[in-house]
Amino acid sequence: MAQVEKRGGLLRKSSASKKPLKEKVVLMYDEIFMTEDPSKCSPRFWEELFLMKVNLEYLEGKLESLDGEELMKIKDNINCLFQHCIQALGEEHPIRVVNALQTLCALIRGVHQKNKPTSGFDIINMLMGFDKAELCMKNLMESLDSLLCAEGSESLKSLCLKLLLCLVTVTDNISQNTILEYVMINSIFEAILQILSHPPSRREHGYDAVVLLALLVNYRKYESVNPYIVKLSIVDDEATLNGMGLVIAQALSEYNRQYKDKEEEHQSGFFSALTNMVGSMFIADAHEKISVQTNEAILLALYEAVHLNRNFITVLAQSHPEMGLVTTPVSPAPTTPATPLGTTPPSSDVISSVELPLDADVQTSNLLITFLKYSSIVMQDTKDEHRLHSGKLCLIILTCIAEDQYANAFLHDDNMNFRVNLHRMPMRHRKKAADKNLPCRPLVCAVLDLMVEFIVTHMMKEFPMDLYVRCIQVVHKLLCYQKKCRVRLHYTWRELWSALINLLKFLMSNETVLLAKHNIFTLALMIVNLFNMFITYGDTFLPTPSSYDELYYEIIRMHQSFDNLYSMVLRLSTNAGQWKEAASKVTHALVNIRAIINHFNPKIESYAAVNHISQLSEEQVLEVVRANYDTLTLKLQDGLDQYERYSEQHKEAAFFKELVRSISTNVRRNLAFHTLSQEVLLKEFSTIS
């Protein structure tokens, strides 16, 4: 007997030259694409259709092949198919439900291809008809809600979430997706929360649920009252919030693990050997090759949770074992094509505060640590647009955290010490720090380390001004908390001071190039005011009196940089150019730094002359400083410990619209045919009762 092959809905004998035979479901689709009602000649047409295995490729392709006018001719049949799909969702037989869900996916995507501005028809009218749309969508959302909340099949729940993601992301700009009005009215918020609060369903569907929620929250968030925003902001159930945190932590941890694997693979490879042979001239190239796709969708979910829900802040500090060190048996997943940026779900949720006991030999971690490690990777390379967006979003999340009173309380808690191994960019002039030498410190130290690392590693021609401003703002907000609560943090402040001074030197040496694109005086003013914060209030939050002495030593040692900055801003503030006002603000802000330099430098020179010392040691300079504090006069500067609170709507709306558009596009691409495959489903429902 000749072998039977199947291609694009056709059945044919490979050895025969006869006309190919179409499979029955394709013939039934063809009847729908006629203008006649298919059930006229065959009363059991719709009943039989949902017993047939769906041919997604053929159905969607057929819809895409028709032009707008041809599609309008079969509108009644499309409406009929849509309504029968919704009816089938209430069937007892799971095969019918599966086929209905998959048919809906194909219908929505196929019809939406025609929904161009010039097409002249409305997507809602085409799918359901205006007169029946409200009832149709109500029934659809109620059915999906019931399926998601039921005790039944996990595969069905997965397909429901896929359909919802398909519905939400069918347009690049989700705020232009008018079908979502019905998703707002008929909320599935509680169903999403139920998935996140139950460990078994969270392991299976947590990733899709979190991404779906993040997208729904962004539907017309600036134009109208979005019920998902309102509801997310008041969630206080601990199990639900922890569940959401675990899903996000697992996804970020998976990214961190992939990056570490690639990094180790790189270091042990031929390129590493070659680099060691010829020196470090190729070190930047080696770094660029370590590339793992960023996950912007899960990062957006973290942002929305932190920004909207004060209760979620507690989840950031929930302790759990280091995820990368925990191994649990995972059933082998079918191989699928590589998924695009911002959409790749982790293979399984391997952590739960109940499921995994803490082990004395396992490094304890939490969501904040995982996030800081993730940030340290994506913020290394901001040349790529997606990484730039991810880096910006990381800094926005850190800004929200740095403004929160409770978050600051656990960041600065001496009883919550962690060893945080941040990724550091390979640089020629420094050695890679050994992981085992990392001290256990309050989490705020890791945040400050991350900010210092960013400052040091991004002084380049394509200067990321916006990210630098956000970075300095995070540091400032943390200092404001320390000053307010008199927290004496044992931190190597010298590293921060040195990084800030080097940044000032970079701004000055690249003045002409940078001024063509940026107002560098905004950043310079912020840096100078950080020093003013230390000078004015340092005695209330620096760990020891000697730390305050070291601040003065650093200012005096680097006095040339401050002198040069003063000369530059004085020159521009006395001219009638566009930078006059901005430069003059920096001039005024330098008053105390200049007072310190002008007060101590003559004293140090005098001490050296009297003692016949050509070059003073640090201890000798500090001795002069301590002996001459009493005669130093400083001006009290107002507003150093004040800052403007973060506001998304007024300043970040354009960024988030573009980010959500990018995420929506990539989630849609990831909902390819293989993710809607019936293989697993048919095995699960092999018999129809």
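## Terms and model

Buried means under 20% relative accessible area, exposed means over 50%, and partly exposed lies in between (1.4 Å probe, protein chains only). By these limits Arg96 is buried, at 9% relative accessibility.

The structure is a predicted model, in which local features need pLDDT of at least 70 and side-chain atom pairs count only at pLDDT 80 or more, while totals for chains, interfaces and linings use all residues. Residues are numbered from 1 along each chain as its sequence is written, and side-chain values use heavy atoms, with hydrogens and water left out.

## Confidence

The predictor's confidence in each residue is given as pLDDT, from 0 to 100. Its mean over the protein is 85, and 82% of the residues reach 70 or more. Residues 1–7 stay under 50, and the model gives them 14 contacts (heavy atoms within 4.5 Å) beyond four places in sequence. The stretch 324–343 is also below 50, with 34 contacts in the model beyond near neighbours in sequence.

## Overall make-up

The protein has 34 helices and seven strands. These are DSSP runs numbered from the N terminus, helices being H or I of at least four residues and strands E of at least two. Of the 689 residues, 54% count as buried. Among contacts between residues at least 6 apart in sequence, 78% join residues at least 24 apart.

The accessible surface comes to about 32000 Å², and carbon and sulfur atoms account for 52% of that area. Accessible areas come from the Shrake-Rupley method with a 1.4 Å probe; for residues, only the protein chains shown count as cover.

## Nonpolar core

A nonpolar core is a set of buried Ala, Val, Leu, Ile, Met, Phe, Trp, Tyr and Cys residues joined through side-chain atoms within 4.5 Å. The largest one here has 231 residues, and Phe312 and Phe521 have the most contacts inside it. Helix α26 (residues 520–541) supplies the largest share of this core, 14 residues.

Which residues does Phe312 contact, leaving aside its neighbours within four places in sequence? They are Leu241, Met244, Gly245, Ile248, Leu302, Ala305, Val306 and Leu367.

Helix α24 (residues 493–509) has 17 residues and reaches 25 Å from its first C-alpha to its last, close to the expected 24 Å. The expected span is 1.5 Å times one less than the number of residues. Buried residues of α24 include Trp493, Trp497, Leu500, Leu504 and Met508. Their cover includes α22, α23, α25, α26, α27 (545–557) and α28 (559–573).

Helix α22 has 15 residues and reaches 22 Å between its end C-alpha atoms, close to the 21 Å expected. This helix is mostly covered, with 13 of its 15 residues buried.

## Salt bridges

Side chains of opposite charge can pair when their charged atoms come close. With a salt bridge taken as a side-chain nitrogen of Lys or Arg within 4 Å of a carboxyl oxygen of Asp or Glu, the count comes to 33. Arg96 pairs with Glu91 at 3.9 Å, N to O; Glu91 is partly exposed, with a relative accessible area of 36%.

Lys517 and Glu462 form another salt bridge, at 3.8 Å from N to O. Lys517 lies in the loop between α25 (511–515) and α26, and Glu462 in the loop between α22 (443–457) and α23 (465–485), so the pair ties together parts that are 55 residues apart in sequence. Lys517 is exposed at 55%, and Glu462 is exposed at 54%. In the Glu644–Lys651 salt bridge, the closest N and O atoms are 3.2 Å apart. Glu644 is exposed at 56% relative accessibility, and Lys651 is exposed at 56%.

## Two buried helix residues

Ile396 lies in helix α20 (residues 385–403) and is buried, at 0% relative accessibility. Ile396 and Cys471 are 75 residues apart in sequence and 9.2 Å apart in space, C-alpha to C-alpha. Beyond its neighbours within four places in sequence, Ile396 is in contact with Tyr303, Arg470, Tyr646, Glu652, Phe655 and Phe656.

Asp208 is in helix α12 (residues 199–217). Is Asp208 buried or exposed? Its relative accessibility is 14%, so Asp208 counts as buried. Not counting residues up to four places away in sequence, Asp208 touches Leu161, Lys162 and Leu165.
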